[in-house]
Amino acid sequence: MDGKSKPGVPYGGMTDTWVKKHRLIYIGATRHPFILSIRDGTVDLSAFKRWLGQDYIFVRAFVPFVASVLIRAYKKGDESSGDMEVMLSGLGSLNDEIAWFKQEASKWGVDLSQVAPEKPTQHYCRFLEELMRPEVDYTVAMAAFWAIETVYQESFAHCLEEGSKTPPELQEACQRWGNDGFGHYCSSLRNIADRQLEKAASGSEPLVKVSEDVVSKAEVTFLRVLEYEVDFWNMSCGTAGHSAPKP
């Protein structure tokens, strides 16, 4: 966020260039008023419960997306760099994540079977489905994967920093995505994304006829993720005027 290197997080790659180039919307996604309200202890718990139900729906749609990236990693990833192992660790953790959502929903009195996806959730899930299409390049899908996970890591880690007043009952939620282990996982995703982007930019990516087009599409996808994330936070707060692009 501040341009300084964090432990385990590489800087200087194309993803770093994007973050700096699109700093305003990146900050909008990772320092959204919903997140800031958790950090300063003023969060409306009804907003948190709304987020909980909607994010459960999103995570279930996220599972097949991650599986599709895993298949791409098998076909086009760098075996020596352990791309598949990184994807497998992420896919495996989603089982625990879904179980956590069910546990939290029970604690907060949220009946997940009665939660209907709101429009921003529908649009975001549809976006994931678009990214699973066979014609979507591994580099583009990887950029989205990294961005989606990183927004949560950056956001919830902020709620755990010194001086935060995050309510005790929300500490566990913040720890789930804000812990150092998840930060290192996001760093691994970033390494893969940067490596793929470098290959595409240099024209060395096999079977890619127009490498510049792949890089351009990846950057547009990164921006779309940020827009969808802002829209998702807005929905959680009950804010009108959602801004995400409609499919």
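Guide: Angles between axes under 35 degrees count as roughly parallel, over 145 as roughly antiparallel, 65 to 115 as roughly perpendicular and the rest as oblique. The model is predicted: local features need pLDDT of at least 70, side-chain atom pairs count only at pLDDT 80 or more, and totals for chains, interfaces and linings use all residues. Residues are numbered from 1 along each chain as its sequence is written, and side-chain values use heavy atoms, without hydrogens and water.

Visitor: Why are α5 and α8 called roughly antiparallel?

Guide: Helix α5 (residues 83-108) and helix α8 (residues 171-178) pack at about 170 degrees, with axes 12 Å apart. The cut-off is over 145, and α5 and α8 are therefore roughly antiparallel.

Visitor: Which residues of α5 and α8 meet?

Guide: Contact means heavy atoms within 4.5 Å. Asp96, Glu97, Trp100, Phe101 and Glu104 in α5 meet Glu172, Ala173, Arg176 and Trp177 in α8. These residues divide into 4 nonpolar, no polar and 5 charged; Asp, Glu, Lys and Arg count as charged, Ala, Val, Leu, Ile, Met, Phe, Trp, Tyr, Cys and Pro as nonpolar, and the others, Gly among them, as polar.

Visitor: What makes α7 oblique to α8?

Guide: Helix α7 (residues 138-158) packs against α8 at about 135 degrees, with axes 7 Å apart. That angle makes α7 oblique to α8. Tyr152, Gln153, Phe156 and Ala157 of α7 touch Ala173, Cys174, Trp177 and Gly178 of α8. This contact has 6 nonpolar residues, 2 polar and no charged.

How values were computed. Axes fitted to C-alpha atoms, helices over the stretch in contact; angles between N-to-C directions. Helix = DSSP H or I, 4+ residues; strand = E, 2+ residues; numbered from the N terminus.
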